[in-house]
Amino acid sequence: MRAQFVMSEIGVGLRRNLTMTFAVVVSVALSLALFGGALLMNKQVNTMKDFWYDKVNVSIFLCNKNDAATSPQCAKGAVTSAQKEQIQGDLKKLDVVDTVQHETAEQAYKHYKEQYGDTPIASTITPDQMQESFRVKLHDPEKYDVVSTAFAGRDGVQSVQDQRGILQNLFDLMNGMRIAALCVMGLMLVIAMMLIVNTVRVSAFSRRRETGIMRLVGASSFYIQTPFIAEAAFAGLLGGALACVMLLGGRYFLIDNGLALADKMQLVNFIGWDAVLTQLPLILAISLLMPAVAALLALRKYLKV
């Protein structure tokens with residue numbers, strides 16, 4: 001098969017169906033950009049979990065004398081020295097525990113004043129109202145239930161809190177955005193596939209005389225179908241390249257410049273350029289194969305060879 005003939009047929013097809021080809025390129029670009037964005041969102045969530053879960057603690061708050069009247073868990077009164085020693089000793093025996101830090105009421109009051117000293121309610125808080133606590137760092141933050149089960153409800157323990165819960169709402173929001181992007185991507189892919197089928201159908205109809213002559217002179221099915229498949233694949237590849245540009249531009253303008261989220265949200269560990277670049281080959285491969293397969297299936301119906 002002469003490559004010159006195939007290239008000329010691709011050019012003819014693109015010129016005849018310029019508007020529909022443009023629609024295919026845009027649809028493929030948007031759908032694959034959403035697909036890549038969903039993959040990067042998933043990587044971002046995992047990166048943030050790895051970053052923050054390594055820093056969060058399990059807090060075991062101990063009863064003070066003021067909790068007896070307000071908290072059923074502290075009905076027996078404030079925690080005793082013996083109870084504190086027993087709790088600390090039992091914590092250190094657990095395999096899931098990495099470190100245990102005891103925070104006194106005075107230390108808790110000092111930290112509270114540092115964070116909320118300018119608020120009106122801060123002036124009404126006294127050190128004896130603050131709770132002692134054990135700050136527990138786990139080898140695996142997912143093992144929170146081991147500590148909660150062992151110490152929740154124990155004498156002298158007011159509550160056991162997992163700081164992961166503070167971050168979980170953010171992770172759930174980002175996961176929801178990822179799922180929404182995947183749903184929109186699915187809709188855009190369906191639209192793109194329909195456009196590709198229609199483009200191939202129109203192209204096959206407009207060149208039915210040429211394909212009829214080729215069939216009469218003994219041209220193979222593969223020889224006749226190749227220009228149509230290559231035309232769809234080329235349009236899809238353009239859309240994939242545009243999707244890659246959109247992903248790179250989004251990473252640049254959202255995180256590094258423009259909104260500059262990396263500077264404004266320094267506590268967030270954003271994904272790097274390597275995470276974006278590793279997705280680009282997958283985007284290009286899908287953009288090339290998806291239109292080619294759609295065109296091949298369409299040709300079996302609209303091009304009888």
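Biologist: Which helix gives the most to the nonpolar patch?

Modeller: This is a predicted model. Helix α8, residues 221–256, gives the most to the nonpolar patch, with three residues. The patch is made by L30, L242, V245 and M246 and covers about 320 Å². L30 lies in helix α2, residues 18–53.

Biologist: Why is L30 called partly exposed?

Modeller: Its relative accessibility is 36%. Buried means under 20%, and exposed means over 50%. The value for L30 lies in between, so L30 counts as partly exposed.

Biologist: What makes the lining of the largest pocket, by class?

Modeller: The pocket holds about 650 Å³ of space. Of its 26 lining residues, the closest to the centre are M41, Q44, M174, L254 and I255. The lining divides into 21 nonpolar, three polar and two charged residues. Met, Leu and Ile count as nonpolar, so M41, M174, L254 and I255 are nonpolar. Helix α2 gives the most to this lining, with eight residues.

Biologist: What makes a space a cavity and not a pocket?

Modeller: In a cavity, a 1.4 Å probe fits but cannot get out, whereas a pocket is open. The structure holds three cavities of 30 Å³ or more. The largest cavity has a volume of about 80 Å³. Ten residues line the largest cavity, and T199, V200, E231, A232 and A235 are the closest to its centre.

Biologist: Which helix gives the largest share of that cavity's lining?

Modeller: That is α8, with four residues. By class, the lining has seven nonpolar, two polar and one charged residues.

Technical notes. Residues numbered from 1 in each chain as written. Predicted model: local features only at pLDDT ≥ 70, side-chain atom pairs only at ≥ 80, totals over all residues. Heavy atoms only, no water. Patch = residues over 30% accessible without salt bridge, like charges linked within 9 Å, V, L, I, M, F, W, Y side chains within 5 Å. Areas by Shrake-Rupley, 256 points an atom, 1.4 Å probe, with all protein chains shown as cover. Salt bridge = Lys/Arg side-chain N within 4 Å of Asp/Glu carboxyl O. Helix = DSSP H or I, 4+ residues; strand = E, 2+ residues; numbered from the N terminus. Buried < 20%, exposed > 50% of the residue type's maximum accessible area, 1.4 Å probe, protein only. 1 Å grid on protein atoms, 1.4 Å probe; cavity = no way out; pocket = protein on both sides within 12 Å on 5 of 7 lines; lining within 4 Å. Points joined across faces, edges and corners; volume = space filled by probe spheres on them.
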